[in-house]
Amino acid sequence: MTPYTPDRYFRLASGSVDIDAGAYLTPSTTVTRLSDLSVVQVDLSLPERYFERVAPGQTVELTVPAYPETDFTGEVTVRDGAVAPGSRSFDVRAEIANADRRLVGGMFAETRLVFDTYEGL
């Protein structure tokens, strides 16, 4: 686990605060949620026919409705080791660098997994 130095702590994004001024807080009271948005994780599911073609390190491209003209690029970090029997699909997790903090949790993303690239003539 990465230690949170003061420099790192102040770069975290804070959610809304739903506590009234003067309210009594216990150690288990949630005041706000802190999110490290420097890298975001994207979870997707693919049909089993792609299972053999997906591996960690593979390029993932995505767009989100909030920034439809921007392509974000990252890479696969985890491919599930099994296909789900009910859906005949498997899960993939990718990480996207997010230095400008434009991507946040809960966003819908259209993802594209890059299987092959080649140079044109």
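Helices (H or I, at least four residues) and strands (E, at least two) are taken as DSSP runs and numbered from the N terminus. The structure is a predicted model: local features need pLDDT of at least 70, side-chain atom pairs count only at pLDDT 80 or more, and totals for chains, interfaces and linings use all residues. Residues are numbered from 1 along each chain as its sequence is written, and side-chain values use heavy atoms, with hydrogens and water left out.

The protein contains 1 helix and 7 strands. Their order from the N terminus is α-β-β-β-β-β-β-β. Of the 121 residues, 20% are buried (under 20% relative accessible area, with exposed over 50% and partly exposed in between; 1.4 Å probe, protein chains only). The accessible surface amounts to about 9000 Å² (Shrake-Rupley method, 1.4 Å probe; for residues, only the protein chains shown count as cover). Carbon and sulfur atoms supply 52% of that surface. Contacts (heavy atoms within 4.5 Å) were also examined by sequence separation. Among those between residues at least 6 apart in sequence, 59% join residues at least 24 apart.

The whole structure holds 3 aromatic pairs. Rings of Phe, Tyr and Trp (its six-membered ring) pair if their centres lie within 6.5 Å; planes under 30 degrees apart count as stacked, over 60 as edge-to-face and the rest as tilted. Y50 and F115 form a stacked pair, at 5.3 Å centre to centre and 15° between the planes. Y50 lies in the loop between β3 (39-47) and β4 (59-64), and F115 in the segment after β7 (110-113), so the pair ties together parts 65 residues apart in sequence. Y50 is partly exposed at 23% relative accessible area. F115 is partly exposed at 27%. Y67 and F72 form an edge-to-face pair, with 6.3 Å between centres and 70° between planes. Y67 is partly exposed at 26%, whereas F72 is buried at 6%.

Arginines also sit over two of these rings. The criterion is NZ of Lys or CZ of Arg within 6 Å of the ring centre and within 35 degrees of the ring normal. R53 lies over the face of F115, 4.2 Å from the ring centre. R102 lies over the face of Y67, at 4.7 Å.

Most residues other than glycine have a negative phi. R88, not a glycine, has a positive phi of about 55°. R88 lies in the loop between β5 (67-79) and β6 (89-97) and is partly exposed at 40% relative accessible area. R101, also not a glycine, has a positive phi of about 60°. R101 is in the loop between β6 and β7 and is partly exposed at 28%.
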